[in-house]
Amino acid sequence: MAGSQSLVGYKNSTTGSAQVHTFDVSSYSSIVAKDLSFEVWDKTAESRSDGSLAIFAKIKVPADLAASGKINQVWQVGPSVGTDGRLVPHVYVGNNLQSKGTLDLKSGQSSTSSGGDDRLKKKNIHGILNAVSWGILFPLGAMIARYIRTFESADPAWFYLHAFCQVSAYAIGVAGWGTGLKLGSESPGITYSTHRNIGIALFVLATVQIFALFIRPKKDHKYRFYWNVYHHSFGYAILVLGIFNVFKGINILKPEDKWKTAYMIVIIALGGISLLLEAITWVVVLKRKSRKSTKPSDGYNNGQS
C-alpha cells in the first residue's frame with residue numbers, strides 16, 4: 001500500500017535462504033529496498049515447513065504512536081521479487097483489499113479493520129451505478145429515440161420516454177462518477193488511467209448532451225440539421241464509450257463471473273432487440289414512402305383536376 005513502512009521477507013533467488021528487507025513504499029512505480037522513517041534492527045526471516053515465511057524484527061515506535069498505544073498495520077502476500085530486488089505488486093482484489101487492522105501495543109491484541117469492506121462496498125456501488133447508467137439506461141434511451149419514434153401513434157410519448165431515460169441515466173451516472181473520484185482520491189498510488197479518462201470524457205459528453213434539451217430548435221428551424229448532427233454524434237459516442245467502460249470496470253473490480261455474464265446477457269438482449277426493431281423500422285419507413293409516392297399531389301390525379 002502506498003505510504004506504508006514495510007518489512008518484506010522473501011527467499012533469495014540465488015542461495016534460497018530467507019531474508020528480510022525494509023521498504024518505504026512511497027510510490028508503486030519504484031518499489032525498492034529503502035530505510036524506514038523509524039529505526040529497525042535484528043531483522044531475520046525464517047522459512048517454515050508449510051512454505052510460508054515468518055519475519056522477526058525490533059522497531060523503535062515513534063513517540064506519537066507510542067503515546068496513543070495503537071498503530072495501524074497492513075499485510076500482504078505478493079507474487080515474487082525481481083532479480084534487481086524490486087517487488088512485484090500484489091493483486092488488488094478480495095482479501096488483499098481487506099488486509100489491514102489495528103495493533104494495540106499495550107495489550108498486544110490486534111483487530112482487523114472494516115476499511116477493506118467499506119472500500120469494497122464503495123467499489124461495488126460505483127460499479128452498479130455506472131453499469132445501470134452508462135451501460136443500460138443510456139442505450140435503452142437511444143433505442144427509444146431511434147425506433148419508437150418511427151410509429152406516428154407514439155408521438156410525442158417516445159420523446160418523454162427518451163428524455164426520462166437519458167436524464168435518469170445522467171443523474172445516476174454523475175453519482176457513479178463522483179463515487180469513482182472519491183475512490184481515486186483515497187488511493188493515490190493506484191491509477192486506472194484508461195478507465196478514469198473515459199469516465200471523465202463520458203461526464204463531459206453527457207453534460208453537453210443534457211443541454212440539447214434546452215437548445216433544441218423546432219423541426220422546421222434552419223439550425224435543426226446541425227442540432228441533429230451534434231445530438232446524434234454525442235449520443236452514439238456516449239453509447240459506445242459507456243458500454244466499453246463498463247467492461248473495463250468489470251475487469252478492474254473482478255466480481256464473480258455471474259455478474260459479468262449477467263451484464264453480457266443484458267447487452268446481447270438489447271442488441272438483438274435493436275436488430276429486430278431496425279428491420280421493423282425499415283419496413284414501416286419503406287411502406288410509408290411507397291404510400292406517399294402513389295398519393296395524388298397538387299389536386300391532380302391521372303391527368304384530371
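**Salt bridges, a hairpin and a charged patch**

Asp-42 is partly exposed, with a relative accessible area of 48%, in a model that is predicted rather than determined by experiment. The side chain of Asp-42 meets that of Lys-58 in a salt bridge, with a distance of 3.3 Å from N to O. This pair links distant parts of the chain, since Asp-42 lies in strand β3 and Lys-58 in strand β4, 16 residues apart. Lys-58 is likewise counted as partly exposed, at 46% relative accessibility.

The two strands concerned, β3 (residues 40–47) and β4 (residues 53–59), run antiparallel and are joined by six bridges. Within this pairing, Trp-41 stands opposite Lys-58 of β4. Five residues lie between the strands of the hairpin, in which Gly-51 takes a positive phi near 90 degrees.

In total, the structure holds three salt bridges. Another of them is formed by the side chains of Glu-278 and Arg-146, at 2.8 Å from N to O, and it connects helix α6 with helix α2 (residues 115–147) across a separation of 132 residues. Arg-146 is partly exposed, its relative accessible area being 40%. A further salt bridge, at 3.8 Å from N to O, brings together the side chains of Glu-256 and Lys-258; Glu-256 is exposed at 52%, and Lys-258 is exposed with a relative accessible area of 52%.

A positive surface patch is formed by Lys-287, Lys-289, Arg-291 and Lys-292. Of these residues, Lys-289 is placed in helix α6 (residues 257–294), and Lys-289 counts as exposed because its relative accessible area is 55%, where exposed means over 50%.

How values were computed:
Residues numbered from 1 in each chain as written. Predicted model: local features only at pLDDT ≥ 70, side-chain atom pairs only at ≥ 80, totals over all residues. Heavy atoms only, no water. Patch = residues over 30% accessible without salt bridge, like charges linked within 9 Å, V, L, I, M, F, W, Y side chains within 5 Å. Areas by Shrake-Rupley, 256 points an atom, 1.4 Å probe, with all protein chains shown as cover. Salt bridge = Lys/Arg side-chain N within 4 Å of Asp/Glu carboxyl O. Lys, Arg positive; Asp, Glu negative; His and termini not counted. Charge placed at Lys NZ, Arg CZ, Asp CG, Glu CD. Helix = DSSP H or I, 4+ residues; strand = E, 2+ residues; numbered from the N terminus. Buried < 20%, exposed > 50% of the residue type's maximum accessible area, 1.4 Å probe, protein only. Pairing = 2+ DSSP bridges.
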